[in-house]
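Dear colleague,

Please find below the structure that I am handing over to you, followed by an account of what was found in it.

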Amino acid sequence: MSFLNLFVAVPVLTVLGIMFTKDLKGTRIVSAIGMGIQLILAVYLMVFYMSQAGVNNLHEIIFQSDSVWFPSLNIHYYVGVDGIASAMILLTAIVIFAGVFASWKVEFLPREFFISLIVLATGVFGFFISLDLFTMLLYYEIAVIPMYLLIGIWGSGPKEKSAMKLTLMLMAGSALLIAGLLGLYFNSSAEGGPLTFNLIEISKITIPITAQRLFFPLTFIGFGVLGALFPFHTWSPDGHASAPTAVSMLHAGVLMKLGAYGCFRIAIFLMPEAAHEMSWFFIILTATSVIYGAFGAIQQKDLKYINAYSSVSHVGLILFGLLMMNSTAIDGAIMQMISHGLMTALFFALIGMVYGRTHTRNVNEMGGLLKIIPFLGVMYILAGFASLGLPGFSGFVAEMTIFVGAFFHNDMFHRVATIIVVSSIVVTAVYVLRVVGIMLLGPVRHEEHLKLKDATWFEKVSTITLLVSMAGIGLYPLWLSDTILGSLQPIMEKITMYLH
Amino acid sequence: MADYSYTLLIILIPFFVFLLLGLFGNRWKPMVSGWIGTTGLGVAFILSLITAYQYFFAGAGEAYSKIVPYDFVWLSFTDTLQIHMGILLDPISVMMLVVVTTISLMSHWFSLGYMKGEVGFERYYSFLSLFTFSMLGLVVAPDLFQMFIFYELVGASSFLLIGFYYQKPSAVAAAKKAFIVTRFADFGFLVGILILAYFTNTYDFATLTKPGTTIFANAAGITFMGASAISWAMGLIFVGAAGKSAMFPFHIWLPDAMEGPTPVSALIHAATMVVAGVFTVARLFPVYYFQTPDVLILVGYVGGFTSLFAAVIAITQHDIKRVLAFSTLSQIGYMMVGLGVSHYGGEEGLGYMASMFHLFTHAMFKALLFLGAGSIIHAVHSNMMQDMGGLRKYMPVTHITFLVAALAISGIPPFSGFFSKDEILAAAFQTNKLLFYTEYITAGLTSFYIFRLYFNIFWGKDRKYEHTPHESPMVMKIPLIFLALAAAFVGFLPFHELVTSDMKPFETVTHWNLVIASVSIGVLGIGFAWFLFKKENSKPAAIAQWFGGLYTITYHKFYIDEIYLFVTKKILFNLVSRPIAWFDRHIIDGFMVGVGTVTVKTSDKIKGFQSGNLQQYAFAFVAGALIIVLSLLYYIG
């Protein structure tokens with residue numbers, strides 16, 4: 001048994017534990033302990049990986065374990081992580097830990113809520129430890145299904161409609177994805193050997209270019225729907241607006257990254273020739289996402305819509321970086337996955353906390369809140385600074401790395417696309433400061449807001465965890481970027497093979 | 001080589017003070033925070049003086065070297081392209097260490113009295129420390145990217161301090177405006193860095209600015225729209241510099257930034273942050289001079305235009321802080337002109353030296369003017385000139401120190417501004433006559449508007465004050481006196497032996513005809529102001545009347561703000577952002593929802609086929625088979 005299986009086992013045990021709890025308090029404590037252990041494991045994994053990579057400078061995939069699952073189709077349960085997957089696991093563990101504390105106040109069917117939430121996280125953890133396409137897809141679906149229940153039951157506003165929209169769009173993405181993955185499977189053997197879903201095995205051969213041209217767009221768009229690729233992003237604003245706080249956090253923070261990770265780990269990694277050929281088309285789409293999302297966010301009034309559009313913009317930047325297909329830009333894109341995951345989770349947590357007090361998410365109905373709820377206000381401003389890419393937070397590091405990497409292409413098309421994308425730093429500043437200015441600064445707009453209470457201890461745990469993680473990357477980014485760059489080496493060999 | 005490792009403390013002390021006050025400042029009495037901040041800065045100030053002494057005076061009088069006492073890799077993009085963080089000591093950065101810590105200490109000190117009793121006193125001091133940290137990090141940067149990082153941090157701390165009175169809508173608006181305008185300029189800066197690093201594969205200043213370097217060879221012959229790639233890069237970096245230094249057309253944020261507390265205006269918006277752009281150009285001066293002389297000329301003209309433009313506006317303003325803000329723009333324009341007309345090396349590099357000299361003296365007298373204005377505002381509780389008059393009787397110390405600063409900025413010998421301004425004029429005279437005359441006229445306007453301010457505040461008619469204005473407390477007077485001494489005497493510093501373009505001392509020649517010309521236009525300006533404003537009379541109003549529309553246009557700052565507002569509000573918001581939001585909700589989402597609806601509708605329509613009616617199935621089966629058979633026959637036949 002691999003150490004990695006613990007990342008699935010701990011959440012499953014936590015879920016079992018919750019089933020046996022009697023009251024709200026027990027549910028909370030079991031969830032918090034379970035996810036706390038998970039966080040410790042994730043930190044251990046990251047540190048262990050870094051020490052391994054540092055000593056041997058090998059950057060191999062560690063904790064590999066392979067067991068046959070469906071012999072007839074050659075489906076394996078094959079796990080293993082490199083630095084990138086470890087970082088994604090760490091991100092997930094941080095966000096779910098913060099998410100549990102942000103959901104402390106859920107009182108309607110709390111046991112069912114926490115169970116769904118942790119099942120969702122289990123799917124995500126499973127996805128990141130897997131190296132077998134079939135297992136990955138399975139875990140991916142495990143993560144998507146609880147989403148429907150979580151939004152449909154614990155959501156707000158037109159929750160059934162939003163849940164339906166979100167699930168259907170993601171399922172449509174899955175349909176493309178299944179077609180893409182099957183395409184990989186049936187092309188996975190060059191000389192008539194056994195077919196395989198094994199990611200590493202497939203990466204050792206070159207998929208025929210005709211097959212790549214068909215299956216790359218299917219896979220990329222399939223994951224891209226989850227990663228809010230323009231124009232398939234419209235589930236995101238409605239879904240987030242209706243979702244309960246922790247679900248928004250997990251969804252924007254982790255699930256959208258799962259989409260981007262899939263685009264990278266499966267679509268681009270396994271089919272680099274087609275990715276290279278078609279990158280121009282997707283670069284146009286992602287560059288559009290970046291600017292379009294940012295301008296879209298300026299006009300919104302609902303805090304969650306603002307953040308959803310902002311996510312479209314920031315996640316567009318991730319896919320943009322991946323499509324640049326050089327190690328610097330991909331390094332930046334992966335850091336952006338982590339950075340945006342933490343940042344947007346913090347935003348959604350804060351929005352939930354503010355909403356829980358003011359009972360509105362309309363910015364125009366708030367004003368001067370910094371005076372009344374200073375802790376939450378300061379946190380919101382810091383999250384805003386992180387969002388607009390202020391140095392000291394992770395967003396700056398990630399964005400700059402993407403920009404520098406993208407600038408290595410010296411043709412006019414890439415240059416123009418890059419400069420358009422870079423200009424988003426200005427638009428981002430506009431919408432972030434607009435919200436901060438209206439909601440937190442200025443005179444207090446409503447008398448009844450004067451009675452609001454500032455953050456409770458569990459809210460502080462949730463937000464501080466996220467903020468400290470962001471600053472940890474932002475102040476000294478080298479540990480993360482070196483780990484990612486190291487793990488990228490074997491991947492880049494494959495991706496840049498077409499050049500030779 | 002001497003040991004400079006302690007310079008790290010100069011940077012880190014303000015940072016830790018910021019963290020300490022930011023996290024725990026509300027646990028103790030406000031004054032404690034004030035004293036922690038001031039003491040921390042005091043230590044940094046003393047260390048800076050030690051650094052300056054060790055660097056400039058402890059060694060023998062030959063060329064200065066670039067010393068890097070501290071350096072580490074912060075982030076690596078590739079094996080060769082990395083962001084370094086560290087400390088670089090050379091004449092201009094050591095000079096800036098002294099300037100920043102001096103003015104910051106004075107502002108800290110002054111604020112102990114000025115901000116006493118304000119809500120958020122500890123927040124104020126933590127932000128001041130954050131700003132000082134950012135500014136110090138900027139000036140010691142050995143790496144272009146580090147400079148950019150601290151550009152951003154400086155912008156953010158400026159945002160926080162301008163918006164210190166965050167419940168006041170105008171302060172919030174001003175803070176946002178300052179941040180967004182400078183961010184826009186930073187966008188240019190960033191693209192400039194990207195282009196430059198693409199060709200040179202380095203961010204290191206020492207590598208970039210080495211004269212005769214071949215690092216730009218990669219970019220040879222590459223042009224875009226008539227300018228070389230390096231010109232574009234350096235031009236865009238200058239855009240960033242112009243944003244921070246509020247050069248036209250990015251100047252619009254600076255007058256509004258006066259919404260911040262007055263000591264903040266003295267520190268950030270007069271002496272330190274706004275000269276970051278000048279510093280950046282000076283830092284990259286060899287690149288500008290050797291690689292892109294075309295951009296350097298642009299620097300000169302932008303500076304020249306801004307200095308004249310701002311001086312004209314300053315004449316018409318009534319808010320004393322805004323007069324000083326426009327005056328700052330104008331004086332920074334001088335510094336840009338100094339760089340723009342300079343050559344590299346020896347006496348030819350007079351403009352560079354003069355520009356740095358003016359930066360230094362300007363920091364002293366402009367900070368003094370602002371702190372003096374703060375002292376006045378503290379006494380009369382108004383920013384407007386109309387509410388002031390005859391204050392010399394009530395506030396003797398403020399009066400005398402203000403007068404010293406006014407004489408310094410007017411270029412009257414032996415006050416400091418005379419030396420630096422005169423050398424800029426001399427440099428311009430040698431290289432570019434147009435810029436020389438622009439700056440010469442501006443010198444006259446400068447002494448006129450500053451003495452208009454002086455006479456209106458301290459002379460003129462006694463106003464009816466709510467309570468008799470009183471002199472500020474000792475804690476505010478000490479910084480004023482200190483800065484007055486500096487403003488009076490720093491002109492005697494031998495800058496040509498300390499801060500030069502090639503780091504080698506040179507001898508200056510005094511051009512007596514220029515000295516006489518510049519002093520006389522300064523005196524003329526003062527005399528004219530004395531004639532108009534010494535006693536309250538109807539002459540100024542009559543003159544304003546005579547200029548008519550021209551006066552109104554100037555008073556409204558040439559409507560540049562309105563133009564910006566039109567572009568951002570009307571065009572970007574209404575014609576870009578709003579349509580995008582609508583398009584997304586109605587077209588794209590509409591399409592996705594439409595796909596769902598069509599699916600539902602279609603299934604509704606075709607579900608009738610599955611009726612369970614055997615005859616219907618049989619009919620469809622036979623008909624289908626027939627069609628297939630017939631079409632097969634058709635194709636075969």
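I begin with one residue of chain A. Leaving out residues up to four places away in sequence, A:I89 touches A:F7, A:A42, A:L45, A:V81, A:F125 and A:F128, where two residues are in contact if their C-beta atoms, placed from the backbone, lie within 7 Å.

Before going further, a note on conventions. This is a predicted model, in which local features need pLDDT of at least 70 and side-chain atom pairs count only at pLDDT 80 or more, while totals for chains, interfaces and linings use all residues. Residues are numbered from 1 along each chain as its sequence is written, and chains are lettered from A and ligands numbered from 1 in the order in which they are written.

As to confidence, the model scores ipTM 0.91 and pTM 0.90. Chain B has a mean pLDDT of 86, with 98% of its residues at 70 or more; pLDDT is the predictor's confidence in each residue, from 0 to 100.

The core

A:I89 also belongs to the largest nonpolar core, which has 411 residues; A:I89, A:L350, B:M356, B:A367, B:L368, B:A405 and B:A487 touch the most other members. Such a core is a set of buried Ala, Val, Leu, Ile, Met, Phe, Trp, Tyr and Cys residues joined through C-beta atoms within 7 Å. A residue is buried if 20 or more other C-beta atoms lie within 10 Å of its own, exposed if 12 or fewer, and partly exposed in between, with C-beta atoms placed from the backbone. The largest share of this core, 20 residues, comes from α15(B). Helices (H or I, at least four residues) and strands (E, at least two) are DSSP runs, numbered from the N terminus.

Chain A

Chain A contains 20 helices and two strands. Its radius of gyration is 22 Å, close to the 23 Å that the globule rule gives for 500 residues, so chain A is as compact as a globular protein of that length. The radius is taken over C-alpha atoms, and the rule is 2.2 Å times the number of residues to the power 0.38. Along the principal axes, the C-alpha atoms of chain A fill a box of roughly 75 × 60 × 45 Å. Of its 500 residues, 63% count as buried. Among contacts in chain A with a separation of 6 or more, 80% are between residues 24 or more positions apart.

A:T92 lies in helix α3 (residues 83-102) of chain A. This residue counts as buried because it has 27 C-beta neighbours inside 10 Å. Apart from neighbours within four places in sequence, A:T92 is in contact with A:A121, A:V124, A:F125, A:F128 and A:V254. Its C-alpha atom is separated by 8.8 Å from that of A:A42, 50 residues apart along the chain.

Strands β1 (residues 62-70) and β2 (residues 75-81) of chain A pair in the antiparallel sense over six bridges, two strands being paired if DSSP finds at least two bridges between them. A:V68 has A:H76 in β2(A) as its bridge partner. The hairpin of β1(A) and β2(A) has four residues between the strands, and A:N74 takes a positive phi near 60° there.

Chain B

Chain B has 25 helices and four strands, and its C-alpha trace spans about 115 × 65 × 55 Å along the principal axes. Buried residues make up 54% of its 637 residues.

Antiparallel strands β1(B) and β2(B) are joined by seven bridges and form a hairpin with five residues between them. B:I67 stands opposite B:L89 in β2(B). Strand β2 (residues 82-89) of chain B is mostly covered, with six of its eight residues buried.

Helix α10 (residues 262-271) of chain B is also mostly covered, and 10 of its 10 residues are buried. The elements that cover these residues include α3 (91-114), α4 (121-139), α5, α9 (253-256), α14 (320-340) and α15 (350-380) of chain B.

The contact between the chains

The contact takes 35 residues from chain B and 39 residues from chain A. On the side of chain B that touches chain A, β1 (67-76), α5 (144-162), α6 (169-200) and α24 (560-606) each supply at least two residues. The largest share of that side, 12 residues, comes from α6(B). By class, the side of chain B that touches chain A has 23 nonpolar, six polar and six charged residues. Here Ala, Val, Leu, Ile, Met, Phe, Trp, Tyr, Cys and Pro count as nonpolar, Asp, Glu, Lys and Arg as charged, and the others, Gly among them, as polar.

With kind regards
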